[in-house]
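I opened a new page for this chain. My plan was to look up a few places one at a time and write down what I found.

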Amino acid sequence: MDVMPLLLLVAGSAAVAGAARRTPVPAPLLLVAAGLAVAYVPGVPDYTLDPKVVLPLLLPPLLYTSAVDSSYLDLRAQLRPVALLSVGYVLFATLVVGWAVHLIVPGLPLTAALVLGAVVAPPDAVAATAVARRVGLPSRITTILQGESLLNDATAITAYRVALGAAVGEGATWAGGVGEFLRAAVGGVVVGLVLMAPLHWLRTHLREALLQNTLSLLIPFVAYGVAEQLHASGVLAVVTVALYLGHRAWEVDFATRLQEEAVWKMVAFVLESAVFALIGLQLPVVLKGLGAYAGVDAVWYAIAVFLVVVVTRFVWVYPAAFLPRLLSRKVREREDNPTWRGAMVTAWAGMRGVVSLAIAFSIPARTHDGTPFPHRNLLLFLTFTTVIGTLVVQGLTLPPLIRLLRFPGHDPQAATLAEANAQAQASRAAERHLEELLADERNTLPPPLADRLRSVLERRRNAVWERLGQTNPVTGESVDDTYRRLSREMISAERAVFVRLRDGRYIDDEMLRTLLRRLDLEEAAAYREVA
């Protein structure tokens, strides 16, 4: 196996993603543009998207890291709108887009058109949620978009399998399709429910952070593989397990949490960067097989499908946002009133991604009777243009649209007050518990050490309130900035002494690593204390 293409992909996409942080353009869009730009550069390897790699090897960790960082409580509170988008909209888009494409493309069978409808139905909200956090969307909209992206792939993959079965001649029926969807959905959730408790028990009983993090990296692949082996939804299995583990992450050892956060941030950064770069790099592969459709007809079909996909989402989102409140008193009592601005952003944030391309590339070349799959190359091309079109058009216009709509801004002072009140309650409980512990003769400490424990609690409690203070009139720094800077400078002075002692052979490298790790943890604690 030649490792250079993989190395070039990872290094190049990481470099572009890093550069994107210095520009107003979201990283996914810049990565796709970079992929398109270098696709025809002489010497660039052929990066044909392999669904046998993307779906079982890239999708599980991307779903896992997104679900672990999600709020189970927030998703549960928004379960109805999330379900309407991740299930209802995907099925609606499959049917509407499929029927429209059947009418637009002469000679395209309805079954093959429904395959395309299922392929382009699920939005990839990675870019949308990234923009939402960057611009400052209300948390409810961000939760809905994130929840949709976690669950809609399961619906789309199942709908694709049903439509594909009909297209290749397996004699699929509507009843059979509904049954397969229910088996996949229920089976995926059940597999996740069965696995989550044992996996959490392992995470809390393994005593070495290294083993715990190794288990963490394996969990999404285990959940996905077991579910797929049982013909259930691997997507739902991964999401179910990840939501549970993320909700109970506080029970895991602190060293594991610190390492996991760093490891999964790196994994997500590398995979997301590579995935969006791969989208752009598929251009030569897609155009090579277009054949007789190359030209004006192909461009017209691409524009028409893009417009149908965009309009279909608006047709679904607005009624789904407002009709349930009109028809149900319970919905009006339990949920906040949606706004037309929120519905507008939700409808426009329908960018497609690599999952659609991976599913499209898994369309077989021939049907069961040996005949070529009808218009397969055209379906690949239309999937590619829809993905690129939604990423570029909607992705570039989403930030200015959000700013134009002027959503209520985030109130940092209110958030700091809430944090300070929470910290005060926690500190009081910790102080009571500390006095109870010190009253036990088994926990006797010299007075200076006992006072040090009390001062740590006091500092932690006061640190949040200090954020509300004024800035330094001389430096312009906030109290947080000054505290963080002084902590870093003190630790840097200690670090320089340790290195000098190592160079003078007063201590060896092993002791240096131990001392530096202790300083690193103190620096991280000082940063988090005021972050």
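**Entry 1: Ala 227.** I began with Ala 227, which is buried, with a relative accessible area of 0%. Buried means under 20% relative accessible area, exposed means over 50%, and partly exposed is in between, with a 1.4 Å probe and protein chains only. The model is predicted: local features need pLDDT of at least 70, side-chain atom pairs count only at pLDDT 80 or more, and totals for chains, interfaces and linings use all residues. Residues are numbered from 1 along each chain as its sequence is written, and side-chain values use heavy atoms, with hydrogens and water left out.

I found Ala 227 in helix H10. Helices (H or I, at least four residues) and strands (E, at least two) are DSSP runs, numbered from the N terminus. I then looked up what Ala 227 touches: Val 191, Ala 232, Ser 233, Gly 234 and Ala 237, not counting residues up to four places away in sequence. Contact here means heavy atoms within 4.5 Å. Val 191 is 36 residues from Ala 227 along the chain, and their C-alpha atoms are separated by 6.1 Å.

**Entry 2: the whole chain.** I noted 22 helices and zero strands. Of the 531 residues in the chain, 45% are buried. I also looked at contacts with a separation of 6 or more: residues 24 or more positions apart account for 80% of them.

**Entry 3: the cavity.** How many cavities of 30 Å³ or more does the structure hold? I found one. A cavity is a set of points, on a 1 Å grid over the protein atoms alone, where a 1.4 Å probe fits but cannot get out; lining residues have an atom within 4 Å of a point. Grid points are joined across faces, edges and corners, and a volume is the space filled by probe spheres set on the points. The largest cavity has about 50 Å³ of space. Its lining includes Ala 154, Arg 161, Tyr 224, Glu 228 and Gly 234. The elements that give two or more residues to this lining are H8, helix H10 (209-229) and helix H11 (234-247). H8 gives the largest share, four residues.

**Entry 4: Thr 155.** I stayed with helix H8 (residues 139-168), where Thr 155 lies. Thr 155 is buried, at a relative accessible area of 3%. A polar atom of the Thr 155 side chain lies 2.9 Å from the backbone oxygen of Ser 86. Leaving aside neighbours within four places in sequence, I listed Ser 86, Val 87, Val 90, Leu 91 and Phe 181 as the contacts of Thr 155.

**Entry 5: rings.** I counted five aromatic pairs. Rings of Phe, Tyr and Trp (its six-membered ring) pair if their centres lie within 6.5 Å; planes under 30 degrees apart count as stacked, over 60 as edge-to-face and the rest as tilted. Phe 92 and Trp 316 have ring centres 5.2 Å apart and planes at 35°, so I wrote this pair down as tilted. Phe 92 is in helix H5 (residues 79-104) and Trp 316 in helix H14 (residues 296-327), 224 residues apart, so that the pair links distant parts of the chain. Phe 92 is partly exposed, at 25%.

The rings of Phe 314 and Trp 348 are also a tilted pair, with centres 6.2 Å apart and planes at 55°. Phe 314 is in helix H14 and Trp 348 in helix H16 (residues 340-348), so the pair ties together parts 34 residues apart in sequence. Phe 314 is partly exposed at 21% relative accessibility, and Trp 348 is buried at 19%. Phe 314, Tyr 318, Phe 322 and Trp 348 form one aromatic cluster.

**Entry 6: backbone angles.** Most residues other than glycine have a negative phi. I looked up His 231, where phi is near 60°, a positive value. His 231 lies in the loop between H10 and H11 and is exposed, with a relative accessible area of 67%. His 375 also has a phi near 60°; this residue lies in the loop between helix H17 (354-361) and helix H18 (376-405).

**Entry 7: H17.** How many of the eight residues of H17 are buried? I found eight of eight. Val 354, Leu 357 and Phe 361 are among them. The buried residues of H17 pack against helix H3 (51-68), helix H6 (110-120), H8, helix H12 (254-281), helix H13 (283-288) and H18.

Definitions and conventions. Polar contact = N/O pair within 3.5 Å; in protein donor to acceptor, adjacent residues only side chain to side chain. 1 Å grid on protein atoms, 1.4 Å probe; cavity = no way out; pocket = protein on both sides within 12 Å on 5 of 7 lines; lining within 4 Å.
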